[in-house]
Amino acid sequence: MQELIARAGALLQSGEVSRVLGWRKGEHVWDVEPAFFHSAEELSEFVYNGFCGANLSKYMIEASKLEGKTLVFLKPCDTYSFNQLIKEHRVDREKAYIIGVGCKGKLKIENIDAAGILDVQGADYPDCSDTLTVKTLYGDKEVSYASAMLERCHVCKGKEHKIYDELMGESVDTCDADRFAQVAAIEAMSPEEKFAFFQSELSKCIRCNACRNVCPACSCRKCVFDSNKFDSAQKANTTSFEEKMFHIIRAFHVAGRCTDCGECSRVCPQGIPLHLFNRKFIRDINALYGEFQAGEDAETKGPLTSFRTDDVEPGDAGKRG
Amino acid sequence: MLKINRNDLPSLFAAIRQESDLYLPVKTAGKTNFAAWDETAQVDLDTLKTVKSPKDAFFPQSENLYSCHQEGGKTQIVPETLREEPFVLFGVRGCDVRGIQVLDKVFLSNPVDSYYAARREQGTVVSFACHAPETSCFCKVFGIDCADPEGDVVTWLVGEELYWQPKTEKGEALTAKVRHLLSEADEAVVAAEQTAIRGIVEKLPYSNLSLEGWGGEAAKTRFDSPVWEQLYKPCLACGTCTFVCPTCQCYDIKDYDTGSGVQRFRCWDSCMYSDFTMMAHGNNRTSQMQRFRQRFLHKLAYFPANNDGMFSCVGCGRCVDKCPSHLNILKVIKAFAKEGV
């Protein structure tokens, strides 16, 4: 971490960048927050640890409007989002100095809570293959690193950064699960079972919009759900509304653009596995248009935003049921 | 002091349910929230904090106020009926009981909110002491004793026994209905539990956080502070903090076009949202910094200014646990303590 601070300090000092976008330490090991740093003094609060799951790409939309370059730290999976934002003309590549930072899998505090650990004041995370030691008021507790990882890290896209100016630190491919296994399991359900599954998950939704606001693919200046010209305005009106509208429309809107960064599921206060909607679309796109990974690069046209004569016919998609 | 064995709780819940609706912490799809009890409900008394607070029981996230439709060339208005059936809210933590008292200040002062008042009239609150408070808890800062919460009935879970003590007339009435399931108990057990809980509370990192400089005066002294500008930047402008909060009480009133008429409903609003307090002339808060500041000054300055110094934060720590960017009221309080402005 000290190397990251030193490098950021040097780039600020030389005037090559005007600010640094990274993570600021919190009160505890787990409550780090995305933050901008403007001086060596401010950088004393910089932190990079296992809880730096937040994908900083989306903050670059605002940073692109500022004077000068912003140094941004991106983990391998975050670089897919950045590429996608370049493709959609939402960030300015020239305004970014990207340090591709090593990642060994990121942690979710709620997974530690779920292991029956009631209180977390500190956590040591030497490496993803190791045991996580959690300091609590009720004594030290241990969980495996893997069991505390974010869902997205179990289906890690690999340790390669897709866009960067320089690289710092080691990465580990933490993939230990089939990315589409859960989608396949849901596809195998009967319509009644599927409905019951989604009803049970989505009825927890409190319409806080955290999934949308954190999503790098949700970059509309004004969301249709924020418009007060429609009954779709961002507040609940009936309990069935969320299930039928908000999440489904959002999934359709990010289809073909979602990089599967997993931020939606990371931030959901009710633990709804929102990534499953997006992954269903990704799986279908792969089947109907050929393998495609959004954000793999900043140039390739998306399958749903380009036309090829060998594109699947809408009727063929319909026949699949 | 009365008690009931933990294994007999289903019969207690069934007995309460025979007389009235019963809402309590239920785990659904992995998360625990207050929900209506039935035989199939997975009651969860081990999770310290429900994701949402129990405020829905009195102030639901969304409720119809009235509906109207055209009939014979005239507009007919059909009011929503006020709650007439009693209900029991079981398992409310001390911080959340205070949360209800905060809501009372808003909805039961003139003009009284009849929808809320009807539910308060019908509701009996059974509170539940916190056996194992967590890092993000700071109720003691607001003078709340989670070892001895308020409520119509107070309960403590010690080992395999739930201890039960009625505190009010409503609480006595509920106790009378289930008295046959409860046995006499030793008060010393509860006293020992309370001592243990208070010992843990003392060790919590924020139990003795100073609120110096907050209160009604802070509206003037801290409104223009440069600290807000430093703090708000990671805010995603989502409504998580406001929707998990036991005291956030702002709401919006909207009309829903049913196709054959209009349903006028009200729903929780969030000061984090861009159209919060939008008026015909536009919006009086035009930046996220201003919206962010509104939330904390409402809790720590505007509310106490209008309610004899009562803060409208209860230290439940839900926003601390749930903010996607890990911003929270503790960081705000500490930042001001550090900057001294």
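## A walk through chains A and B

Let's start with a hairpin: strands E11(B) and E12(B) have three residues between them, and there B:Gly259 takes a positive phi near 100 degrees. Helices (H or I, at least four residues) and strands (E, at least two) are DSSP runs, numbered from the N terminus. Before going on, a word on the model: it is predicted, so local features need pLDDT of at least 70 and side-chain atom pairs count only at pLDDT 80 or more, while totals for chains, interfaces and linings use all residues. Residues are numbered from 1 along each chain as its sequence is written, and chains are lettered from A and ligands numbered from 1 in the order in which they are written.

E11 (residues 251-257) and E12 (residues 261-268) of chain B pair in the antiparallel sense over seven bridges; two strands count as paired if DSSP finds at least two bridges between them. If you look for B:Tyr251, you'll find B:Trp268 of E12(B) standing opposite.

Chain B also has an open sheet. Its eight strands run in the order E3-E2-E6-E7-E8-E9-E1-E10, with mixed pairing. At the edges sit E3 (31-36) and E10 (183-184) of chain B, each pairing on one side only. E3(B) pairs with E2 (residues 21-28) of chain B in the antiparallel sense, over six bridges. Here B:Tyr23 is opposite B:Ala36 in E3(B). In a regular strand, side chains alternate between the two faces of the sheet.

Now follow helix H9 of chain B, residues 288-306, which bends by about 60 degrees at B:His298. That bend is the angle between axes fitted to the seven residues ending there and the seven starting there. Which residues of H9(B) are buried? Among them are B:Phe292, B:Phe296, B:Leu297, B:Leu300 and B:Phe303, along with B:Arg291 and B:Lys299. (Buried means that 20 or more other C-beta atoms lie within 10 Å of a residue's own; exposed means 12 or fewer, partly exposed is in between, and C-beta atoms are placed from the backbone.) The buried residues of H9(B) pack against H6 (218-221), H7 (227-232), H8 (240-244) and H11 (329-339) of chain B. Just after H9(B), B:Asp308 takes a positive phi of about 50 degrees.

Step back and chain B is divided into domain 1 (2-64 + 82-203) and domain 2 (218-248 + 270-339), with bounds that come from an automatic or database domain assignment. The contact between them takes 20 residues from domain 1 of chain B and 18 residues from domain 2 of chain B; two residues are in contact if their C-beta atoms, placed from the backbone, lie within 7 Å. The C-alpha centres of these two domains of chain B lie 27 Å apart.

What about chain A? It has 13 helices and eight strands. Its radius of gyration is 20 Å, close to the 20 Å that the globule rule gives for 321 residues, so chain A is as compact as a globular protein of that length. (The radius is taken over C-alpha atoms, and the rule is 2.2 Å times the number of residues to the power 0.38.) Buried residues make up 43% of the 321 residues in chain A.

Finally, the two chains touch: 37 residues from chain A and 41 residues from chain B take part in the contact. On the chain A side, E2(A) gives the most, with four residues.
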